[in-house]
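Reader: I am new to this structure. Please show me how to read a few of its features.

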Amino acid sequence: MRIDAVTIFPEYFAPLKLSLLGKAQESGIVDFGIHDLRSFATNVHNQVDDTPYGGGAGMVMMPEVWGQALDPLMSTETDLIILTPAGKRFDQPMAANFSKASHLVFACGRYEGIDDRVRQHYLSKNHRVHEVSIGDYVLGGGEVASLVMIEAITRLIPGVLGNPESLAEESHNEEGYLEYPNYTKPQNWRDIPVPEILLSGNHGEIAKWRAAQAIERAKENF
Ligand code: 6GU
């Protein structure tokens, strides 16, 4: 999979080199391109934003600089993802869908967002355009949201996880977040013992216990 991100803060994407994502890149499963939006500015001050038509607070990112940055990235293979707190909520099924894509482009808005004509333009050219939010809170920009999405999406690509069984187990647990509590060595820690059942070797009973625990946890946390 090819993943491009356009941002005024390319440094935000340094963590792509680490851990799972770094390995996925080394092994050639994913390929990242990070593009500095400001390098596409055409005015003297490399300005990328301006005041909103109609008035109101804040600044809006100008369409032409986005057009210059995105045009060379867009093809029939591309899914363009515009990060905005007003977008569709990102979740595990959406991550699973995007993990099957061949090319994702993340457009990281800052300030009050990107001039809406950018979205309209690429839609009108029959590109797949998605406005996505990662949750009900407001971030300073789409960079961190992109990182969240990239991590959730790429770990679902075959070959990225060392142990594909953990993926299979997740999907058994509905969307992958109905997890049971886990324990490892030592058997006793600060007077808290590992639940007996997990030491029993009875895999049927263990599976039942874990399912019940996952439901208990879901009740508490939702
Ligand atoms: Cl995608 N962008 C911003 N700025 N804030 C957010 C978000 C995105 N998702 C949740 N909050």
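Predicted model: local features only at pLDDT ≥ 70, side-chain atom pairs only at ≥ 80, totals over all residues.

Reader: Where is Glu143 placed?

Author: Glu143 belongs to helix H5, which spans residues 142–154.

Reader: Is Glu143 buried or exposed, and why?

Author: A residue counts as buried when its relative accessible area is under 20%. Glu143 has 0% relative accessibility, so it is buried.

Reader: Which residues does Glu143 touch, leaving out those up to four places away in sequence?

Author: They are Thr7, Ile8, Phe9, Tyr12, Phe13, Cys108 and Arg110. With Arg110 there is also a polar contact between the two side chains, at 3.0 Å.

Reader: How is a pair of aromatic rings described?

Author: Two values are used, the distance between the ring centres and the angle between the planes. In this structure a search of the whole model finds one aromatic pair. The ring centres of Phe9 and Tyr12 are 6.0 Å apart and the planes stand at 65°, so this pair is edge-to-face. Phe9 is partly exposed, because its relative accessibility is 35%; Tyr12 is also partly exposed, at 35%.

Reader: Which residues surround the ligand?

Author: The surrounding residues include Leu83, Thr84, Pro85, Val132, Ser133 and Ala145. Ile134 has a backbone N or O atom 3.0 Å from a ligand nitrogen atom. For Tyr137, a polar backbone atom lies 2.5 Å from a nitrogen atom of the ligand. Leu139 places a backbone N or O atom 3.0 Å from a ligand nitrogen.

Reader: How much of the ligand does the protein bury?

Author: The ligand taken alone exposes 290 Å², and the protein buries 96% of that.

How values were computed:
Residues numbered from 1 in each chain as written. Heavy atoms only, no water. Helix = DSSP H or I, 4+ residues; strand = E, 2+ residues; numbered from the N terminus. Buried < 20%, exposed > 50% of the residue type's maximum accessible area, 1.4 Å probe, protein only. Polar contact = N/O pair within 3.5 Å; in protein donor to acceptor, adjacent residues only side chain to side chain. Contact = heavy atoms within 4.5 Å. Phe/Tyr/Trp six-rings, centres within 6.5 Å; stacked < 30°, edge-to-face > 60°. Near = heavy atom within 4 Å. Areas by Shrake-Rupley, 256 points an atom, 1.4 Å probe, with all protein chains shown as cover.
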